[in-house]
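I wrote down what I checked and how each term was defined.

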Amino acid sequence: RSREDLVDGILSALRWLGLDWDEGPVRQSERLDLYRAAAQRLLDEGRAYWCDCTRELIDARTKDNPKPGYDGYCSDRGLEAGEASVVRFRTPDDGETVVHDVIRGEVHFAHDTLEDFVILRSDGTSVFLLANAVDDLEMGITHVVRGEDLLSSTPRALLLRRALGADDDPVFAHLPMIVNEKRQKLSKRRDDVALEEYRERGYLAPAVRNYLALLGWAPADGREILTVEELVDEFELEHVTKASAFFDIKKLDHINAEYIRAMPVATFVREATPWLELDAAWPSEAYDPALFEAIAPEVQQRVRTLAEVPKWVDFLFLDAPAIDEAAWEKVIGLPASSVILDDTIAEYETCAWQRDVLHERTAAVGERHGLKLNKAQLPIRVAVTGRTVGPPLFESLELLGRERSLERLRGARKRLS
RNA sequence: GCCCCCAUCGUCUAGUGGCCUAGGACGCCGCCCUUUCAAGGCGGUAACGGGGAUUCGAACUCCCCUGGGGGCACCA
């Protein structure tokens, strides 16, 4: 990578996932001389040649050629270096190159399908493939693990490194691609490929790492929640799947929820706090960490991402609850709502403000009106929290306090009549 | 157009000739539990793309077809 911010992006994503590395990064931009020397060597040995053909000339000549690509026109012209000239690698005319891949087995490429490809541009800079071959060779790379999209360029890399004096091939493993719902390779333009964005969307690094590891691979016993140590221990390239895998956010949600539930409460509170302090729907002075801490265990069990946390607790920090209209419709649909609210208000005005008592009194209210608690609690929940779903009601009421709760109940009652 | 890869439930996968009336997980649908929702429990829906061949026997081996994807630049 040539741009420093792109390098940083890769490194910080790796760090976020808890993946480390032993050396580097090595920058190809700092090794240009090495590549140029390699090209010169190939030139000297007749394994490469100068070519001054323009794209137009090549196209015109090869228009109805049976073989694809460059036609080798300059192959024997004995050209010298020139302004607009490139260096092309002389590929063998017959035979084949076999790529031995741990995941895919032997992949054969007939040499007559390989054109004499460019290795040095007219400005003297090296093409990626040459740089790659030189680096792998010079750095003693033993294993090349990459996406399947690079499989077709492998024979060219192999030919180059052999021409450069290599007497053995590295071990290759071409991993299946991760694809979108249309089964296309993920792209920056249309897909969410920036790993760290998942952090901003409330996903935990260990969960993302865990999920990613399960794409194209599975442990022998079918477990799905695995620590890094287990991953490191059990992962085998040999057992990686060949078919591309769809990135299923639903499954990530599930795994993320598992990780959230498994955290100590204190950790959950710490992790969730940024979502409550930054960009919240309430003024920052309205946020009360102690209140959140008290309700946190209930929220932790119910949330799939950290980003969902605010909407579960907003009623505690908002002046008035954000009434969800769909929820309100349900309350109106319950004919007993107004009497329930009246009765509840009366009970709540005098009873001890404690979850068990609230529970018992509310149940009694429901009973008086022939409603089970699961029905009777609905108007109260919507009046107080604005939603039909949320943390357990009586814990929520206790934390909200008598005055604020009553105020909301009265407000809802007024709106009903 | 040429080259290459791939093909089991909607999705991620297990499966390497008989253990498969194909297993698990996510999702979805019921039921139970239950102060909502989750979680949990129980149950259900749902797949070997098609055709040949080999074999006593194919999800598993081979061939063809079909379908999907990737790669083919003086990008990396």
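Entry: I began with strand 1 and strand 2, which run antiparallel and are joined by four bridges; two strands count as paired if DSSP finds at least two bridges between them. Here strands (E, at least two residues) and helices (H or I, at least four) are DSSP runs, numbered from the N terminus. Looking for the bridge partner of alanine 48 in strand 2, I found phenylalanine 89. In strand 1 (residues 48-51), Ala48 and Trp50 point one way and Tyr49 and Cys51 the other way, and all are buried. Buried means under 20% relative accessible area, exposed over 50%, and partly exposed in between, with a 1.4 Å probe and protein chains only. I noted as background that in a regular strand the side chains alternate between the two faces of the sheet.

**Entry: conventions.** The model is predicted, so I kept in mind that local features need pLDDT of at least 70 and side-chain atom pairs count only at pLDDT 80 or more, while totals for chains, interfaces and linings use all residues. Residues are numbered from 1 along each chain as its sequence is written, chains are lettered from A and ligands numbered from 1 in the order in which they are written, and side-chain values use heavy atoms, with hydrogens and water left out.

**Entry: RNA strand B.** Of the RNA atoms within 4 Å of the protein, 74% belong to sugar or phosphate and the rest to bases.

A polar side-chain atom of lysine 251 lies 2.8 Å from a sugar or linking oxygen of the RNA strand. Among the elements that give two or more residues to this surface are strand 2 (86-89), helix 9 (249-262) and helix 16 (373-385).

**Entry: helix 14.** How far apart are the end C-alpha atoms of helix 14? They are 20 Å apart, which agrees with the 20 Å that its 14 residues should span at 1.5 Å a residue, the expected span being 1.5 Å times one less than the number of residues. Its buried residues include Ile340, Leu341 and Tyr348, and what covers the buried residues includes helix 13 (325-333) and helix 15 (355-368).

Is glutamate 347 buried or exposed? Glutamate 347, which I located in helix 14, is buried, with a relative accessible area of 14%. Its side chain is joined to that of arginine 361 by a polar contact of 3.0 Å; such a contact is a pair of N or O atoms within 3.5 Å, and within protein one must be able to donate a hydrogen and the other to accept it, while residues adjacent in sequence count only if both atoms are side-chain atoms. Leaving aside neighbours within four places in sequence, glutamate 347 is in contact (heavy atoms within 4.5 Å) with Arg361, Val365 and Arg368.

How values were computed. A residue is near a molecule or strand if one of its heavy atoms lies within 4 Å of it.
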